[in-house]
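The sequence and structure come first.

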Amino acid sequence: MKKKKIAVLGSTGSIGVQALKIIKEFSENFELSLISANSSDKLLLEQALFFQPKHVIINTESGYSYIKKNLKSPFTKLHLGDQALCDLIEGEDFDIVLVAIVGFAALLPTISAIKSGKKIALANKETLVVAGQIISSLVEKHDGNIIPVDSEHSAIFQCIQGESFDSVKNIILTASGGPFRGYNKQQLENVSLKNALKHPNWNMGAKITIDSATLMNKGFELIETKWLFDVSFEKIKVVVHPESIIHSLVEYQDGSVIAQLGEPSMYIPILYALNFPKRIKSSAPKLDLIKIKSLNFEEPNKKIFKHLGLAYEAIKCGGSYGCVLNASNEVAVSAFLKEKIRFIDMIKIIEKSIEKITFVQNPNLEDLLEIDLETRKFANSII
Ligand code: NDP
Ligand code: MG
């Protein structure tokens, strides 16, 4: 069997590292052809020395010099910066491009992958929050192929295989509720960064962990669902399920509800996306229902976790709303991670940004790049 050539964008992150473990475990199926990072030079060098991919890309000049000095391989070429990454995605031959870069930075590489007809395994969700309309049109134009990696969307994707999408009545996204589930307004005022970074079920990168604590992550996943599966917002529901065993459900017109279950681990969604449409024997953690005993469900509290409501607004309004929501959230989360602001200040920064930045109904890509910058500038100015 011919090995699939894989490009992992954001190979030094939480998803990236897990993907490389899978590629190593199934080295008879996969060949790692490209890895990239923003600034994590030591880990990127380690990965380059171990896997000997054809291309390694880093964004910082210091990281570039460090790797250049230490990477003595005749097989691997080193490149610097975003543009080099986009050029390689467009010009080289890959069977799958796994987009595991965090945030807005994944937008242009994802567009390069779609335009050059690459099959995409998409972990990054911010791209669809910012530019869902543009991405969808490009996918249609280039006959694109996006396999979701986000666990909820992987679940939905698995639940609709072999079904007619017309018969879907509702999509039900599950949410763990994060570390502050059940908190009231007063309790949220005093939460620490340390506690916000302690997700009850999932071990992820810092940004998405904070997004999970505010429920922005679930809000983003609503928008991601709309664009990945072309459904109207009325059909997308969220239910809090603290055990994170059911990863999402699809309700059909005949009353049937199909769910996908598994231990909370990204191993299966990544493995599934890389092997789709096949399933292969794996070392995934086994689901033991007897040990789990019971599963619980509750309504999300939209009054306390206002980020979720903003995401519904973003779907309803469309246009540049998602771009402003994402950029102000990125700035707010980054400031919270640096302990410059409190947990409850994040929503204020987002709300003020949405109020301040002029709404554009049909933005093109250049407009979005500008709106992103303008929003970041404004959000930073109020911090
Ligand atoms: P991490 O923060 O752990 O990793 C992010 C990766 O992106 C790193 O390799 C990082 O490089 C790279 N990166 C950061 N900024 C830039 C930039 N400006 N240009 C190029 N590369 C950059 O994130 P996660 O792995 O947690 O998440 C990645 C994406 O997947 C996110 O969009 C997240 O929402 C989504 N996702 C993650 C899940 C998880 O379990 N972690 C689950 C579902 C979805 P460096 O190391 O140098 O900073
Ligand atoms: Mg998810």
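In which loop is P277 found? P277 sits in the loop between α12 and α13 (289-292), where helices (H or I, at least four residues) and strands (E, at least two) are DSSP runs numbered from the N terminus.

## Basis of the model

This is a predicted model, in which local features need pLDDT of at least 70 and side-chain atom pairs count only at pLDDT 80 or more, while totals for chains, interfaces and linings use all residues. Residues are numbered from 1 along each chain as its sequence is written, chains are lettered from A and ligands numbered from 1 in the order in which they are written, and side-chain values use heavy atoms, with hydrogens and water left out.

## Backbone geometry

The peptide bond that joins F276 and P277 is cis, with omega about 5°. L215, in the loop between α10 (206-214) and α11 (216-229), has a positive phi near 75° and is not a glycine. Most residues other than glycine have a negative phi, and most peptide bonds are trans.

## The ligand site

Ligand 1 is surrounded by 24 residues, counted when a heavy atom of the residue lies within 4 Å of the ligand. The closest are T12, S14, S39, S40 and E126. Domain 1 (4-148) and domain 2 (154-263 + 271-310) both contribute to this shell, so ligand 1 lies between them; the bounds come from an automatic or database domain assignment.

By class, the shell has ten nonpolar, eleven polar and three charged residues. Ala, Val, Leu, Ile, Met, Phe, Trp, Tyr, Cys and Pro count as nonpolar, Asp, Glu, Lys and Arg as charged, and the others, Gly among them, as polar.

Polar contacts are pairs of N or O atoms within 3.5 Å. A polar side-chain atom of E126 is 2.7 Å from an oxygen atom of ligand 1, and a backbone N or O atom of G10 is 3.3 Å from a ligand oxygen. Taken alone, ligand 1 exposes 900 Å², of which the protein buries 85% (Shrake-Rupley method, 1.4 Å probe).

## The enclosed space

One cavity of 30 Å³ or more is counted. A cavity is a set of points, on a 1 Å grid over the protein atoms alone, where a 1.4 Å probe fits but cannot get out; lining residues have an atom within 4 Å of a point. The largest cavity holds about 60 Å³, a volume being the space filled by probe spheres set on points joined across faces, edges and corners.

α7 (151-159), β11 (257-261) and α12 (267-275) each give two or more residues to its lining. α7 gives the most, with four. The lining has four nonpolar, seven polar and one charged residues, including S151, H247 and E263.

Definitions and conventions
Polar contact = N/O pair within 3.5 Å; in protein donor to acceptor, adjacent residues only side chain to side chain. 1 Å grid on protein atoms, 1.4 Å probe; cavity = no way out; pocket = protein on both sides within 12 Å on 5 of 7 lines; lining within 4 Å.
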